[in-house]
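User: Hi! Could you walk me through this model, starting with its charged pairs?
Analyst: Happy to, here it is.

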Amino acid sequence: MPEAAELYNAMNPWSGRSDDRFYLDLVLGAPSVLDVGCGTGTLLSQARSAGHRGRLVGVDPDADMLAQARRHADIEWMHGDMSTVSLAGFDLAVMTGHAFQCLLTDDDVLATLRGVRDALEPGGRFVFETRNPLVREWERWSESGYDFPWEGKSVRVFYEVQPIVGDVVDVVENIVADDWKRADRGQLRFISAERLSDLVVEAGLVPVAQYGDWERGPLTPDSPEIISVVQKVER
Ligand SMILES: C[S@@+](CC[C@H](N)C(=O)[O-])C[C@H]1O[C@@H](n2cnc3c(N)ncnc32)[C@H](O)[C@@H]1O
């Protein structure tokens, strides 16, 4: 049976989707970039392929995901999270693919935001997204599912979702092939825009912009995403 990290790229192919384009444009416009929760490293490897010649560093606590990323030897990959790695000098940090929702507590969020602040140059920006809790997207995940190709066969994915507790949702991702089956449990936090803004300020970062979608539309109660641009100010 393949590991979850081996399946990740097949389940999440680089597609030029609107969030892919949003982040790739930002990365290509910055001389040095830190990707927090880089997973299998797709964004930075795409940036390198598209001609980025500067410093690109990806950080992730999942050794299996990072092993996939390390196939791209022209990028620096670090095992850990923003409370365990020590980095400095970046113009831009990003956290994509809803990795921010893996931060389940205020302490996790603050540790990440403070670590990113330390890693940024004065004037540097951190851009990340989290799903808008007001839209309650998780309530529709159990009805949805999809198929993806793996070793010449079609593999089915479907979800079992528990009712939200506080602002954390428990979800089991079932991946079913002809001759194997995985059931990977995970938890995701659906933080409110208000709480997020408070924590950004508490971590010493300055909100610059907030969007509700990948076309940079305003954040409204119906927006699918809370996309945040925050900055480390000059001192
Ligand atoms: C859904 S994947 C997204 C990966 C990648 N950013 C992408 O867009 O494909 C979420 C990633 O967040 C990572 N992660 C979990 N907890 C984290 C933490 N505290 N700090 C940084 N990354 C974390 C996971 O290991 C996983 O690789």
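Predicted model: local features only at pLDDT ≥ 70, side-chain atom pairs only at ≥ 80, totals over all residues.

User: How do the side chains of D118 and R117 meet?
Analyst: They meet in a salt bridge, with N and O 3.3 Å apart. The term stands for a side-chain nitrogen of Lys or Arg within 4 Å of a carboxyl oxygen of Asp or Glu. D118 is partly exposed at 45% relative accessibility; buried means under 20% relative accessible area, exposed over 50%, and partly exposed in between, with a 1.4 Å probe and protein chains only.

User: How many salt bridges does the rule count?
Analyst: Twelve. One of them joins R17 and D20, with the closest N and O atoms 3.6 Å apart. R17 is partly exposed at 41%, while D20 counts as buried at 9%. E137 and R131 form another salt bridge, at 3.5 Å. There, E137 is partly exposed at 24% and R131 is buried at 14%.

User: Which residues are linked in a network of salt bridges?
Analyst: D106, D167, R189, R195 and D198. Within that group, R189 and D106 have their closest N and O atoms 2.8 Å apart.

User: OK, switching to domains. What does the assignment give?
Analyst: Domain 1 covers 4–132 + 191–231, and domain 2 covers 134–189. These bounds come from an automatic or database domain assignment. The C-alpha centres of the two domains lie 22 Å apart.

User: And how much area do domain 1 and domain 2 bury between them?
Analyst: About 1600 Å², 60% of it on carbon and sulfur atoms. Buried area is the accessible area (1.4 Å probe) that two parts lose on being put together, summed over both. L7, M11 and L104 supply 37% of what domain 1 buries against domain 2, more than any other three residues.

User: How many residues are in contact there?
Analyst: 21 residues of domain 1 touch 20 of domain 2, where contact means heavy atoms within 4.5 Å. Two salt bridges are counted between the domains.

User: Let's move on to helix 3. Is that helix enclosed or open, and why?
Analyst: Helix 3 (residues 42–49) is largely enclosed by the rest of the structure, because six of its eight residues are buried. Those six are T42, L43, L44, S45, A47 and R48. Helices here are DSSP runs of H or I with at least four residues, strands are E runs of at least two, and both are numbered from the N terminus.

User: What covers those buried residues of helix 3?
Analyst: The cover includes helix 1, helix 2 (18–28), strand 1 (32–36), strand 2 (55–60), strand 3 (76–79) and strand 4. Just after helix 3, G51 takes a positive phi of about 110 degrees.

User: Where is T96, and is T96 buried or exposed?
Analyst: T96 is in the loop between strand 4 (90–95) and helix 5, and counts as buried at 19% relative accessibility. Leaving aside neighbours within four places in sequence, T96 is in contact with Y23, D35, V36, L43 and E129.

User: Last one: what about E202?
Analyst: E202 sits in helix 6 (residues 193–202) and is partly exposed, at 47%. With neighbours within four places in sequence left aside, E202 is in contact with L110 and R114.

How values were computed
Residues numbered from 1 in each chain as written. Heavy atoms only, no water.
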